[in-house]
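This report goes through selected features of one protein model, from side-chain pairs to sheets. The sequence and the structure come first.

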Amino acid sequence: MLQSLKIENIAVIEKAEIDFTDGFNVLTGETGAGKSIIIDSLCAALGERTSRELIRTGAQSAKVTAVFENISEEMKNTVRDMGIDCDNTLIISRIIHIDGRNICKINGNPSTVGMLKNIGELTVNIHGQHDSQALLKPEKHITFIDGVAENEDLKNDYKKCFSELVDVKRKLDSLYIDEDEKAKRADYLDYQINELENAALVEGEKEELTKRKKLCLNAKSIKKSFEKAISFLSDENGTGACDLLNNCKDSLKSVSEYSNDALRLSESIEEISASASELLSDIRNADDNFSFNESELSEIEERMDLIFRVTGKYGGTEKSALDALEKMKEEKQNILLSDINAAELEERLAVLSEELKIKASKLTESRRKSAEYFENRVCEELSFLDMPDVKFVANITPTSYSSKGADNIEFLISANAGEEPKPLAKIASGGELSRIMLAIKNVISAKDDIGTLIFDEIDSGVSGRAAQKIAMKLKEVSEGRQVICITHLAQIAATADSHFKISKSVNEGLTYTEVETLNFEQRKRELARIMGGLEITQLQLESAHEMLINAGIYWD
């Protein structure tokens, strides 16, 4: 269950912390006080999409922390599969920054919004006012039936087959183009393939040619530098470095028998002279090997022009052009083999069509069985909710194959005895929609082990006896799981185990929302406020007192 919710800087809430209890919790307050913002905050903590507009004016970030206790084994395993330690307590937090960044944590461990959403789907079921509008959209009704059918494996199996069938059809459509178009496409591919093959592209050639071009452009300077280097080391007049080193060596060697220093230095110079001679030989070899044909430059430029022109048409690089060549060859081959491929695809399409028919039939059967159960259970719930003569039908009719199957499901209802069921969207009133959605939620929730149900103004369009019945049903549901309800009805608020009042005030031009846990006397005044007008009368207080006593709520 949801033990506590801490909210900071979200909309009109600067700071609030709510400690929920087991059983039935209600939140009441004037319109605009911030009741729905509490639900929005919880949704944010559970990974729902949000925006920076949620952040309180003047604040740089907003934060929500939700603490869950006594979580299900499925939830524990889900969290552990994320690599996070988890026992009976689950702490989720999300910080939303004004720059759009989100910082999410699960039990203190960094996480993602997606991870929060996965957890949210297993911990809390939220019914807002917009959910009732889903009843007005027949295309949404199939999701309610699937919610109780437990047919996830059948749906996944069907979807996999349907996706493959769609893919095969797409491939067949691409093969069955006009013969003239195929011929034109083949001719154009031939032109492109010939162009690329004649270019004989090689990866890295452009870079090598660029280097060679630079060398050719500087050939004369290179040749001249070799000749100068040779001249510096050995020239015809005997004044080159090699000759000078030999002369230096001979001069020192002539007195080496008298001086150890002269001997040592002459040997060192002899080594340097040998290195200089070797270097001179290497430079002469480099000079001899260096060749340059003036026509080579024009050949390089022509080749580079071809490469730039061809690669420019096919991606800009040799690799992209070569990849394009392979794809063109493959496409040309497919055109040539289109008749053979078409026959194979037609055969596969026939097999998939039969498989899809069988899988769709199984999916339909699962829905028909579940629809019967669903109809009976919803009618039972609605009978309790003061709609005893209602006839509720989940009408299943065949339709063309789609990703959801081959079924069209629409809810029909007859609210009065003797009337034929008609589309719910056309005849249900606002109060009836609220009760029907509550009934459906109760039926669906019976199939899962989600610990917390949240109802945001489930009482829309309801009053009197029907409101009392909704209160009794919510109280009944809360005996097996936690229920949190935002309400405007005293009948519902009176039956709650815990009552929270949401109020707002203005201080120095800023709006502040506060959350207060009410005791018995405070609950009396809040119920009287809900029932009354501008002023609370003694009669209203007495009526509120009686409502609480009748609901089994006594003095604190």
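## Salt bridge within a helix

Asp261 and Arg264 are three residues apart in helix α11 (residues 260-289), so about one helical turn separates them. The model is predicted, and in it the side chains of Asp261 and Arg264 form a salt bridge with an N to O distance of 3.5 Å. In general, an α-helix has 3.6 residues a turn, so residues three or four places apart point the same way.

Asp261 is partly exposed, at 46% relative accessibility. Arg264 is also partly exposed, with a relative accessibility of 46%.

## Salt bridges between elements

The search of the whole structure gives 32 salt bridges. One of them joins Arg185 to Glu331, with the closest N and O atoms 2.8 Å apart. Arg185 belongs to helix α7 (residues 179-199) and Glu331 to helix α13 (residues 318-336), so this pair ties together parts that are 146 residues apart in sequence. Arg185 has a relative accessibility of 31% and counts as partly exposed; Glu331, with a relative accessible area of 29%, is partly exposed.

A salt bridge also links the side chains of Glu526 and Lys501, at 3.7 Å from N to O. Glu526 is in helix α19 (residues 520-531) and Lys501 in strand β14 (residues 498-507), so the pair ties together parts that are 25 residues apart in sequence. Is Glu526 buried or exposed? At 1% relative accessibility, Glu526 is buried.

Some salt bridges are linked in a network, which takes in Asp146, Glu152, Lys155, Arg367 and Asp407.

## Ser498 and its contacts

Strand β14 also holds Ser498. This serine has a relative accessible area of 11% and is buried, because the cut-off for buried is under 20%. Leaving aside residues up to four places away in sequence, Ser498 touches Thr21, Phe24, Asn25 and Val26. With Thr21 there is a polar contact of 2.6 Å between the two side chains.

An open sheet of six strands has the order β2-β1-β4-β5-β6-β7, with antiparallel pairing. Its edge strands, each pairing on one side only, are β2 (13-19) and β7 (109-111). From one strand to the next, the twist averages 15 degrees. Strands β5 (residues 89-97) and β6 (residues 102-106) run antiparallel and are joined by five bridges. Arg94 has Cys104 of β6 opposite to it. Helix α1 packs on this sheet and touches β1 (2-10), β2, β4 (61-69) and β5; the direction of α1 makes about 100 degrees with that of β1.

Helix α1 (residues 35-45) has 11 residues, nine of them buried, so the helix is largely enclosed by the rest of the structure. Among the buried residues of α1 are Ile37, Ile38, Ile39 and Leu42, and also Lys35. Gly47 follows α1 and has a positive phi, near 90 degrees.

Three strands form another open sheet, in the order β9-β10-β11, and the pairing is antiparallel. The edges are β9 (391-402) and β11 (422-423), each of which pairs on one side only. Nine bridges pair β9 with strand β10 (residues 405-414) in the antiparallel sense. Opposite Pro398 stands Asp407 in β10.

Helix α5 (residues 141-149) packs on this sheet, touching β9 and β10, and its direction makes about 100 degrees with that of β10. Helix α6 (residues 152-175) lies across β9 and β10 and runs at about 30 degrees to β9.

## Cysteines

How many disulfides does the structure hold? There are zero disulfides. For Cys86, which is in no disulfide, the nearest cysteine sulfur is that of Cys104, 17 Å away.

Cys86 counts as buried, at 8% relative accessibility. Cys379, at 22% relative accessibility, counts as partly exposed.

Notes:
Residues numbered from 1 in each chain as written. Predicted model: local features only at pLDDT ≥ 70, side-chain atom pairs only at ≥ 80, totals over all residues. Heavy atoms only, no water. Disulfide = S-S within 2.5 Å. Buried < 20%, exposed > 50% of the residue type's maximum accessible area, 1.4 Å probe, protein only. Salt bridge = Lys/Arg side-chain N within 4 Å of Asp/Glu carboxyl O. Helix = DSSP H or I, 4+ residues; strand = E, 2+ residues; numbered from the N terminus. Polar contact = N/O pair within 3.5 Å; in protein donor to acceptor, adjacent residues only side chain to side chain. Contact = heavy atoms within 4.5 Å. Pairing = 2+ DSSP bridges. Axes fitted to C-alpha atoms, helices over the stretch in contact; angles between N-to-C directions.
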